[in-house]
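Morning, everyone. Let me put the model up, and then we'll walk through it.

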Amino acid sequence: MLPWKRLLRPLTALLLSAAAIALPATAAHADTATHSGWNDYSCKPSAAHPRPVVLVHGTLGNSVDNWLGLAPYLEARGYCVFSLDYGQLPGVPVFYGLGPIDQSAAQLASFVDQVRSATGAAKVDLVGHSQGGMMPRYYLKFLGGAAKVNALVGIAPDNHGATISGLTNLLPYFPGATDLVKATTPGLADQIPGSAFLTKLNAGGDTVPGVHYTVIATRYDEVATPWRSQYLSGSDVRNVLLQDLCPLDLSEHVLAGLSDRIVFHEVANSLDPAHAGTTTCASVLS
């Protein structure tokens with residue numbers, strides 16, 4: 001093995017560990033599928049909220065840690081809420097979303113069918129953070145998801161790739177680095193701008209008919225950069241900049257999905273636009 005390869009492997013592990021530390025730790029991880037308040041398969045959608053909400057975690061996230069804020073928020077407002085784990089790599093517990101994204105989309109397809117069967121709902125709404133806001137688009141476009149999904153809400157989604165503040169632009173300067181990422185963490189490689197996966201996903205348009213799309217981006221995103229690349233184009237798309245709702249909100253990529261109640265308020269608006277209220281800085285108290 002060449003010396004630079006010996007250095008690159010621990011460096012890659014260090015970067016993944018640092019990203020993992022940024023996620024909230026909890027004693028109850030995604031190895032169990034039932035959590036208090038959500039993933040309750042006895043939940044039946046109400047007339048007010050007739051569609052179950054499926055939460056799709058981001059890279060290095062899981063079905064519990066990513067949703068300790070938003071899942072209870074939606075459940076308290078009368079939604080049937082579910083979350084899944086996807087993109088697991090062999091021997092890598094807790095930190096998911098690292099497998100090939102087309103395979104992760106197939107896992108989402110199976111989970112949506114499971115939720116629809118349990119609840120009796122014809123369609124679900126999807127809310128995803130980071131990769132979880134982008135990956136479902138593959139399900140909608142190529143795996144028949146458009147007939148089963150009413151809305152997709154993406155929180156800081158890397159719809160056109162994630163440069164991680166330009167770091168991925170450095171990969172060509174390290175011979176073999178891109179191949180190493182593809183071999184060890186294909187889910188990360190699929191998110192590099194210009195990847196074969198993203199090229200296929202975005203060819204022919206960002207959206208599919210029949211699905212309502214919302215993108216909630218933050219100006220301070222340091223992962224899905226440049227932040228405007230998160231936006232979608234299409235006839236049924238609402239692109240929202242968090243700082244247009246609250247100029248004082250400093251949430252970056254991670255906090256936007258994990259704990260920002262201004263984001264949560266706008267998610268609720270997107271799920272029930274007929275009863276939407278204005279999202280402002282005061283929404284943090286909602």
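Start with E266. E266 is buried, because its relative accessible area is 5%. The cut-offs: buried means under 20% relative accessible area, exposed means over 50%, and partly exposed is in between, with a 1.4 Å probe and protein chains only.

A word on the source. This is a predicted model, where local features need pLDDT of at least 70, side-chain atom pairs count only at pLDDT 80 or more, and totals for chains, interfaces and linings use all residues. Residues are numbered from 1 along each chain as its sequence is written, and side-chain values use heavy atoms, with hydrogens and water left out.

Back to E266. Which residue does E266 pair with in a salt bridge? The partner is R238, with the closest N and O atoms 2.6 Å apart. R238 is partly exposed, at 33% relative accessible area. By salt bridge I mean a side-chain nitrogen of Lys or Arg within 4 Å of a carboxyl oxygen of Asp or Glu. Helices (H or I, at least four residues) and strands (E, at least two) are DSSP runs, numbered from the N terminus.

By that rule there are five salt bridges. One of them joins D125 and R51, with the closest N and O atoms 3.0 Å apart. This pair links distant parts of the chain: D125 is in strand β3, R51 is in the loop between α1 (3-21) and β1 (53-56), and 74 residues separate them. Buried or exposed? D125 is buried, at 1% relative accessible area. R51 counts as partly exposed, at 23%.

Next, R116 and D113. Their side chains meet in a salt bridge at 3.3 Å, N to O. They are three residues apart in helix α3 (residues 101-119), so about one helical turn separates them. K148 joins in as well: D113, R116 and K148 are linked in a network of salt bridges.

Return to helix α11, residues 261-271, for H265. H265 is buried, at 15% relative accessible area. Leaving out residues up to four places away in sequence, H265 touches Y73, G277, T278, T279, S283 and S286. Contact here means heavy atoms within 4.5 Å.

Now the backbone. Most residues other than glycine have a negative phi, and most peptide bonds are trans. S130 is not a glycine, yet its phi is positive, about 60°. S130 lies in the loop between β3 (124-129) and α4 (131-134), and is buried at 7% relative accessible area. S165 also has a positive phi, near 55°. S165 lies in the loop between β4 and α6 and counts as exposed, at 53% relative accessibility. Then the peptide bond between T225 and P226: cis, with omega about -10°. P226 is in the loop between β5 and β6 (237-241).

Last, F174. Where does F174 lie? In the loop between β4 (149-155) and α6 (177-184). F174 counts as partly exposed, at 46% relative accessibility.

That's the tour. Questions, please.
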